[in-house]
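Please read them with the coordinates open.

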Amino acid sequence: MKKNKLLAALVNYGEDQISYLNQVVKELKSFKKYEVTIIVNSNIPLDISGIDRVNVIELPDYQLLPLTCRQVIWDYKDDFDVFLFGENDMLFKEHHIDKHIEYTEFLPDNRIAGFLHYEEDHTGKHFVAMHSGFDWDYGSVEEHNGKQFAYFSCLHQATLIITKDQLHKIGKQHDFTKFFGKSQYSSKCQVGTDIFEFCNMKKLICISEFEDNIIQHLPIKYIYHKHDHSGEVMSGPESVMREQVNKLLNTKNNMKVNTITSYEGLAEHLIDSGVTMLWKELFDLPIRNFQKISSVDGDIVECGVWRGGCSIFLSLLFNDKNIWCCDSYEGFQPLDKTTYDFDGERHTPAFSHCALGPLAISLDEVKQNFEDYGLLGDGRIQFLKGFVNETLPTAKIEKISILRLDVDSYSATLDILDNLYPKVQPGGFIIFDDANLTESFEAIKHFLIRENLPLELHNPYTDEIYSISNGPVVETNSGFHSNSYIIKK
Ligand SMILES: C[S@@+](CC[C@H](N)C(=O)[O-])C[C@H]1O[C@@H](n2cnc3c(N)ncnc32)[C@H](O)[C@@H]1O
């Protein structure tokens, strides 16, 4: 069988890591399915068996030595089927190349498979990219060809694998031998990250075959290395990484969300699918306040779920919290059954049917929507069916981190606050979706006064606090913003 031709362009600096380079070269030359050529760009001459050519390069700034490997790759762009770049201490295995070629065959053009790099000592593997707030994007899981892929926000992997086609495509957009743009990564790292940052090819890691997509950095450098400024250790342990990957795999959001790559994209998708009445900017509120809310203990409760869009969004965004979806699943409560009488209640047929459809959506339809976003069967989601004044007094909700009120009425808004406000934990968000409607706003105001709380709300777009004592602030039915919120003290 004809072997694929593989060019390995490696960089070496000085003598300190020659033993690693030896190991890397030996491994590359042991590949069975590839005809491997190894070229090393080094600042010193090398005599290592297995290397096909050494280019001794003297540079005033050795940080730029890795970039010279891109020149090597470009010079041979037509002569090989697949190319790799690596620092002298990155241990490529044959399955890395196999997998890259396999994934490339079915991934869309705007996706490229990549790795995470790790170091290993007697305590196990440690992932170098896990530091300084770099993390998985938990809304990024995509399924391609039956495999799950996800995005990790640190793109650095000290290596690169590209096929000939990918190289030629990149060469049409950029001069491959130079840096593609101003990067957040150092020039040393940028040799590998440019392709992910500037070529409209998002780096994804195959998480359903995670073991095949990690690569060892042979030295033990970062396991105990602390960040100069923060003092934070520059890597994360395998146990944490495994937990995170399992969490990603469990999101199972691989159906409708296949092509969704960000929470903003998810919000747009939910809006376009007609499963939420919220508009795009309103979804920014929980995204922007993600850290704050995540640190609050407790479940997420939405009262007034309609087709489920907002609850679906919150379930995917806060993927380790329980979600309660409380709704009658039959629209407004008949006025003779409500807890509070209020003249301005608009439980009229006209109000029960908006431009997006009827207000009453069956529980089956809502469950189907959750299923479409890969969430049905997720033990975190509970559907509480019934009018809030009947269900909430006995609901087994204990602690709340987000309470979303969206029932478009005076009586039900007060019912929710009466029953659930005490369960909201300090720091928890109470979001009044329909603070823009007079009847709901009057209930909110009544509650704030009754509980001796400040007559203030947070602006949902800026998070700034505004007073409700001085009259309207915006042209809505009530004069106040939809989705205004308070934070429990
Ligand atoms: C404006 S919609 C909710 C919109 C939804 N949050 C979204 O993401 O689009 C109002 C919902 O409140 C529900 N509802 C109204 N009064 C209720 C009550 N007293 N108890 C339970 N649900 C109620 C309706 O069935 C309807 O689904």
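1. Basis. The model is predicted: local features need pLDDT of at least 70, side-chain atom pairs count only at pLDDT 80 or more, and totals for chains, interfaces and linings use all residues. Residue numbers start from 1 along each chain, as its sequence is written. Helices (H or I, at least four residues) and strands (E, at least two) are DSSP runs numbered from the N terminus.

2. Sheet. Five strands form an open sheet with mixed pairing, in the order S5-S13-S7-S8-S14. The edge positions belong to S5 (90-91) and S14 (236-237); each has a single partner strand, so one side of each lacks a neighbour in the sheet. Two strands count as paired if DSSP finds at least two bridges between them. Strand S8 (residues 124-127) and S14 run antiparallel and are joined by two bridges. In one of the pairs, phenylalanine 127 has glycine 236 of S14 as its bridge partner.

3. Helix H5. This helix has 12 residues, yet its end C-alpha atoms are only 14 Å apart, short of the 16 Å that a straight helix would reach at 1.5 Å a residue. The expected span is 1.5 Å times one less than the number of residues. A residue is called buried if 20 or more other C-beta atoms lie within 10 Å of its own, exposed if 12 or fewer, and partly exposed in between, with C-beta atoms placed from the backbone. The buried residues of H5 are Gln190, Val191, Gly192, Thr193, Asp194, Ile195 and Phe196. Their cover includes helices H2 (68-75) and H4 (164-173), and also strands S4 (82-87), S6 (111-113), S11 (159-163) and S12. Contact here means C-beta atoms, placed from the backbone, within 7 Å.

4. Asparagine 200. Just after H5, this residue takes a positive phi of about 55 degrees. Asparagine 200 sits in the loop between H5 (187-198) and S12 (202-206). It is partly exposed, with 13 other C-beta atoms within 10 Å. Most residues other than glycine have a negative phi.

5. Tryptophan 306. Here too phi is positive, about 50 degrees, in a residue that is not a glycine. The loop that holds tryptophan 306 runs between strand S15 (299-303) and helix H10 (309-317). Tryptophan 306 is buried, with 28 other C-beta atoms within 10 Å.

6. Ligand shell. The ligand is surrounded by 23 residues, the closest being Met277, Gly304, Trp306, Cys310 and Ala412. The shell divides into 13 nonpolar, seven polar and three charged residues. Ala, Val, Leu, Ile, Met, Phe, Trp, Tyr, Cys and Pro count as nonpolar, Asp, Glu, Lys and Arg as charged, and the others, Gly among them, as polar.

Notes. Two residues are in contact if their C-beta atoms, placed from the backbone, lie within 7 Å. A residue is near a molecule or strand if its C-beta atom, placed from the backbone, lies within 6 Å of it.
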